[in-house]
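The structure is shown first.

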Amino acid sequence: MMTSVDTDLIRVLGDPLRLQIVTLLARETLCTTHLVEETGARQTNLSNHLKVLREVGVVETEPCGRFTYYRLKPDVIEALAGQFAALAETARANADTKRACP
């Protein structure tokens, strides 16, 4: 069964810009400047989305001089994928199970 933390993560990743950020960070660790260039989003908007991603534990930060780099935490994504895989397996196993109507 999925917990409220998992549903928060799904909700957070449901935003198109956040999903784009996560996709970019899967390829490489980037700073805010890189993410602004790649997404075309305004820096303040991007920073707000990065804050949300940090709060749910999807990304972590690494200070580097006056810049902050962002890195995807693959274990979090992998755990969520595992939960979806388990859900799919449960659906397969119970495909023929049907509750009778009253």
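Helices (H or I, at least four residues) are DSSP runs, numbered from the N terminus, and the expected span of a helix is 1.5 Å times one less than its number of residues.

## Basis

This is a predicted model, in which local features need pLDDT of at least 70 and side-chain atom pairs count only at pLDDT 80 or more, while totals for chains, interfaces and linings use all residues. Residues are numbered from 1 along each chain as its sequence is written, and side-chain values use heavy atoms, with hydrogens and water left out.

## Helix α2

Helix α2 comprises 12 residues (residues 16–27), so at 1.5 Å a residue it should span 16 Å; the 17 Å between its end C-alpha atoms agrees.

Buried (under 20% relative accessible area, 1.4 Å probe, protein chains only) are L17, R18, I21, V22, L24 and L25 of α2. These buried residues line one face of the helix, because they fall within an arc of 165 degrees seen down the axis of α2; the arc is that of the directions from the helix axis to the C-beta atoms. On the other side of α2, P16, A26 and R27 are exposed, that is, over 50%.

At the N-terminal end, α2 is capped by D15, with a side-chain oxygen 3.0 Å from the backbone nitrogen of L17.

## Residue T39

T39 belongs to helix α3 (residues 32–39) and counts as buried because its relative accessibility is 18%. Its side chain reaches the backbone oxygen of L35 at 2.7 Å, and a polar atom of the T39 side chain lies 3.1 Å from the backbone nitrogen of A41.

Leaving aside residues up to four places away in sequence, T39 touches L17, Q20, L24 and L46, where contact means heavy atoms within 4.5 Å.

Definitions and conventions
Helices (H or I, at least four residues) and strands (E, at least two) are DSSP runs, numbered from the N terminus. A polar contact is a pair of N or O atoms within 3.5 Å; within protein, one must be able to donate a hydrogen and the other to accept it, and residues adjacent in sequence count only if both atoms are side-chain atoms.
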